Each structure stands twice: as structure tokens, then as C-alpha cells.
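Hello,

Here is the structure we talked about handing over. Please have a look, then read my notes below.

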Amino acid sequence: MSVEKKMAQEPCCSKLKMFLAAMCFVYFAKAFQGGYMKSSITQIERRFDIPSSLIGFIDGSFEIGNLLVIAFVSYFGAKLHRPRLIGAGCLIMAMGSFITAAPHFFQGLYKYETTVSHISASNGTESILPCLTNGSLAQDDIPTVEIQAECEKAASSSLWLYVFLGNMLRGVGETPVMPLGLSYLDDFSREENTALYMALIQTVGIMGPMFGFMLGSFCAKLYVDIGAVDLDTISINHKDSRWVGAWWLGFLLTGGVMLLAGIPFWFLPKSLPKQGETESEKKFNEGEQDCFIPDNNKHSNAPDKPAPVTMAALAKDFLPSLKKLFSNQIYLLLVCTAFVQVNGFIGMITFKPKFMEQIYGQSASKAIFFIGIMNLPAVALGIVTGGFIMKKFKLNVLGATKICIGTSLLAFFTMLIQYFLQCDNTQVPGLTLSYQGVPQVSYQQNTLISPCNMGCSCSLKHWDPICASNGLTYASPCLAGCQSSTGDGKNMVFHNCTCVGDSPFPYANMSAVLGQCPRKSDCDYMFKVYMAVTVIGAFLSACGATPGYIILLRSINPELKSLALGIYTLIVRTLGGIPPPVYFGAFIDRTCLKWGTKQCGGRGACRIYDSGAFRNAFLGLIYGLYSLSYILWGVVYIRLSHREKKLALKNQLKAPEQDGNGVSAGNGNASSAIVKCGENADQETTI
């Protein structure tokens, strides 16, 4: 029967297509959650006043949740009701989102560090003296241990643990989706359709981060305590490094979407007929659940229906299956290559919004928005392109490897260009330049003191930036030597700032307004070029996604498919997902020039970084990791080339014997080794 006739017989709404649609939705929903979590990293960091290394650890809790259960879910879940396990995972992911948002309802109102509250005038007159007021209030005293503990308890400073727990639950719930969902689809779809189906799932899935980042951009513009405070009394805006958006709101929405995504899986069957198969072909198209190691009845005359498999039997054969899997050298190389590349990718995507904020002076909401509407659609287009190329040219494993290596190298070249697209540091006297205007990066707080503000006895802890008329940003009105102020809230203006008059760019009007000064105009042009380069790089990198999945699936034994995907996900998520946010964050913390101050007096989140050192640390780590992955890709290509040559030679030797026995020589090709469950397992492992 021809392929066209088989397709004509398939109903338009078959259960396999329903499962495909449900998988697309759940991939969208989980990516929607993950994208929003990534976009909210900066807001959570500021709300709980924690360093980048700790927020990286919180972000890595998702992978910790995967680590706890993925090996068992992948192996035992493959023998159970896979769709219902995916539905249960969706329920757990939804609960995780709701728990992540819970701290907002237990915390008090957000109190950002400021000196404005101490110097506001009730009638708008010039009766307030910032310099003298700051000097009388701020002595930078270190609180006692008892006072510190009581203050932290009152401020609920440990509530970030709820965010950690909720994110970890999301990781636990996400565990069954990829290994069980993709193996279920691969079991019951035609081999030539697998690449297209996976490309479709990933394409719809990539829309999730796009909407997640756009939601994150919207929530970042809303004040964290919206509806509970009078916004007219807030003296900062969404461009300020102390601003915290309504981060909790998005988690409630993404949790609701995940609840809906899990409903269809409760009504799908445990197994399906092979797509387009006939009774004569059925014996060659057994699903993963029909295979079990060891298959003691392989040559018996038992009925086609397999005997029920007990949990005790599954547990007994777990270690032999694991040993057999790890004896596949190509599989191990693919795992090593993947977790090195994922290290670079996770570190990059976690701190890319902060990179755009610090290097190009963009607000958090704007940086997140651009990632959502520009980079992520390019990734979706790249995934579709990769799947189309695989189907159009019917590439084998070696051809897919060439695509992966080629597109990755081209994407790496676009990343090298990013290093030269830089802007100067924000000009802050005492931090990035001296009060005399000489560029001079200082990590020492005492450089904030100058003869122009020495008489004020200013606090060096607080970050309450003002933009002076000379174009420089000062760390606080006191450190600018401002003598008076008018107005209140966002409209406050400071006058007679002595440091502005003593600067190398003196102005007759020695005034300043709240907030940091904008970057130079050439920085906006540099940012546009940077975004264009990153979009091209995102597209090229994504072109290798679908070929990469095909290489993995075609390099493992069919009966070990779910276990192999689960172990692959376990290792990649553990070694590639948990450490990068932590060590990327630790390296980034080392480039901080001015730390914020917690409500209780301890060190809070970083307010401003040395952009040059930030760029070197951030991009340097990415370059090193990706370079190592290309070396591993080269080894994978060599091993696959040797395997293909051995398979071709073996098929040539078997062809005369098969023809003599009246068997079609086409049954000896490499693709049949993939479809026949368990038949060529020893051959694959040996090679």
C-alpha cells in the first residue's frame, strides 16, 4: 500500500494528532512558565535584596526538581500510562507557579532605599537641606546581631525560599513531558514524520517564552504593590535600578494556563496503533511499551500480546538497562556535548536582560520586551527551518550532524561580534570616573568622598541616584553636595549642588533631578546593531535544534528510548542547568561597583556594575563553553562517520545472503535497525 493511500485513510482528528496538539499546548505552557521565570529574575533579585549568585541558585532549583525524579519517571513511566503521567506533571507545575507567587501576599509593602523620604518638603519650599540632613541621619552604623535578626524577621527576608520551592516543584512536574511525550509520539508515528512533528512541537513551544517575556515586560512596568499604594508617592520609575515590578502577577497567570494544558492528557489512551501500519507490518513496529529487557520469549511461539510487566521486574532490570545505555559511546559523547552547550545557553539567557541593562542602559522591561519580540521568533523560525531541511533532503544521522556543527559555528561568529559592540560606563563620580572627570573605575566606597561633599558626612551605603545638569549621575543628593530641594515625589529637584559646580563640566545651573542620566546617543545605535546580530545568531543556532534531536534518537536502542531521553535530560539539566546561573552570577557579582542596602542594613542587590568587566566575564564564559562544545562535536562526527562506514560494509556483506534466501535487500539498511524494537540492540551498542 502506498504512503499516499495510508495518509488518505487516516482521520483528520486521530488520537495521535490529538496527542500532538496536546503536546504542542503543554510545550507552550511550560515554556510560557519558564520564559516568565527568566524574565522575572531581576525583579525577584531586587525584591528580596539578594546577590546574583543566590538568584542563580534559585533559578537552578528547577533543574534540582528534575534531578530528583527524572531517572525513575523516564524508566518506570515508559511502562505505565504515559499521557496521564504528563497530566499529573502539569498539575504539579501549576502548583509550583502558585507557590512561587505566594511570598508577595505574606510580605509587607516594598520599601526601596532612598534619602528622599528624609528630605521631602511638605509645602514645596526650599527649607530642606539635603547635605546637612543626610549628615545628621546616616552614620553607617552596623546593627547588633539581635537587632539584625529581629529586623530580618519583620521584613520576611527569608521568603525567597518559597520561590525556590515553587520553582523546584515546576521542575518535578516538567519531568515526564519531554521523555515520555516524545517517546510516545515516536512510537506511534511514521519515522519520516517524526522530525516534522518534533519541529512543530518545538516551534509552538518556542512561542511560550516569547509570550512569557512579553508578559514579564508588562509586569515589570507595574509597581510591585500596585493597588496597595498611591503611585504618586513613589519617587522612582521603572527605569530605576531599585524599581520592582509586579513579578507575582505573572506566576498566577502562567499557573492557570498550565492547569488547562494538562486536562487533555487525562483522556488519551495508554497506547495507539502505529500511524499507517498494516497487520503485516505490525510486528516490525512495536512500541516501546511492548519491549522489555531481557526479552526471554523472543523466539517462542507465544501470542503477540505481551505478558503484563510487574514493577518488581522493571526494577530488577533497571541497572542492566542503564549499563547497556552507557556502553553506547556516541550517546555519551552527545550527552557531554549537550551539557557543555547548555551551560553556555542557560548562563546567557538567565543574565542577558541584566547584560542589556548594564551595557546598553536599557530598562529591565524594555530589555525583556526586545528578547521576547525579536530573539524568540527568530529561534522559532530556525527550528522550523531545521526540521524542513531534515524532511526535504531526507538527511541521515551524518547529514544532521553536519547541520548542527555548521549552524553552531556560524552562530558562534555572531557572538564574537557582540564583544566589540560596547558602550561606555555610566558616568558616576567616585565609581566610574573621578570628581575631576578622569575615567577611573573604583570598587572602593571611599572614592565617593570628595572635597565638594566632605562637609556633609554623607552615607556611603545608600544608592539614590540623581542626574545633574552637567550630564553626570551622582550616587545620592548628599554626595552631589546639594544644598536645597523643591517639589516632592518624582518631581523633586535639587539645587546648589557644589560637586556639579566643581566638575570639569560646570554649569551655571547647579541643579539635579531624580534618577540616572541617560546614556549617550551613540549607545542607542550600538544597541540596535547588537539586537540585529543577536537575532541572526539566534536563528542560526536554532536551525540545529531538530537535527540534534534526530541524532540523539537515532543513536540509541529503541527499547531504551525513554530511559535514554530521561538520562539525557537528567544529566543535561543537572550539569547544564543548575551550576551555570550560580557561577555566572558569582562572576557577575565580582564586577559590582555599588551594592544596595537592605532594610535591615545588610548588603542587598547590586545597583551598578563595571560594564567593561561585566562584558568580559559574561561573554568570556560563554565563549569558553561553546569552544569546548565544538571540540566535542568534532569527536561525535568522527565516531558517527566510522559507524556509518561499518553499517554500510555490513549491509553489503549481508545483501548477497539475503537475496539468496529470497529476502529483500532493503530490509538490511540502517533505518530498519531503528524501527525494529530490540532486534539490533547489541549491534548498536557494540558500534
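**Helix contact, sheet and cores**

Helix α19 (residues 397-418) and helix α22 (residues 545-553) cross at roughly 140°, with axes that come within 9 Å. Please keep in mind that this is a predicted model. The crossing of the two helices, α19 and α22, is left-handed. On the α19 side, the contact involves V397, A400, T401, I403 and C404. They meet P547, G548 and I551 of α22. By type, the residues of this contact comprise 6 nonpolar, 2 polar and no charged.

Next, the sheet. Strands β4 (residues 493-495) and β5 (residues 512-514) run antiparallel and are joined by 2 bridges. V493 has V513 in β5 as its bridge partner.

Now the cores. The largest nonpolar core holds 134 residues. Those with the most contacts inside it are M23, V26, W247, Y331, Y360 and F618. Helix α17 (residues 329-360) is the top contributor to this core, giving 13 residues. What does F618 touch, leaving aside residues up to four places away in sequence? The list is G347, M348, F351, K352, F355, F584 and I588. Another core, of 29 residues, lies apart from the largest one. L460, A475, L479 and V500 are among its members.

Best wishes

Definitions and conventions
Residues numbered from 1 in each chain as written. Predicted model: local features only at pLDDT ≥ 70, side-chain atom pairs only at ≥ 80, totals over all residues. Heavy atoms only, no water. Core = buried A, V, L, I, M, F, W, Y, C linked by side-chain atoms within 4.5 Å. Buried < 20%, exposed > 50% of the residue type's maximum accessible area, 1.4 Å probe, protein only. Helix = DSSP H or I, 4+ residues; strand = E, 2+ residues; numbered from the N terminus. Contact = heavy atoms within 4.5 Å. Axes fitted to C-alpha atoms, helices over the stretch in contact; angles between N-to-C directions. Left-handed = near helix turned anticlockwise from the far one by under 90°. Nonpolar A, V, L, I, M, F, W, Y, C, P; charged D, E, K, R; others polar. Pairing = 2+ DSSP bridges.
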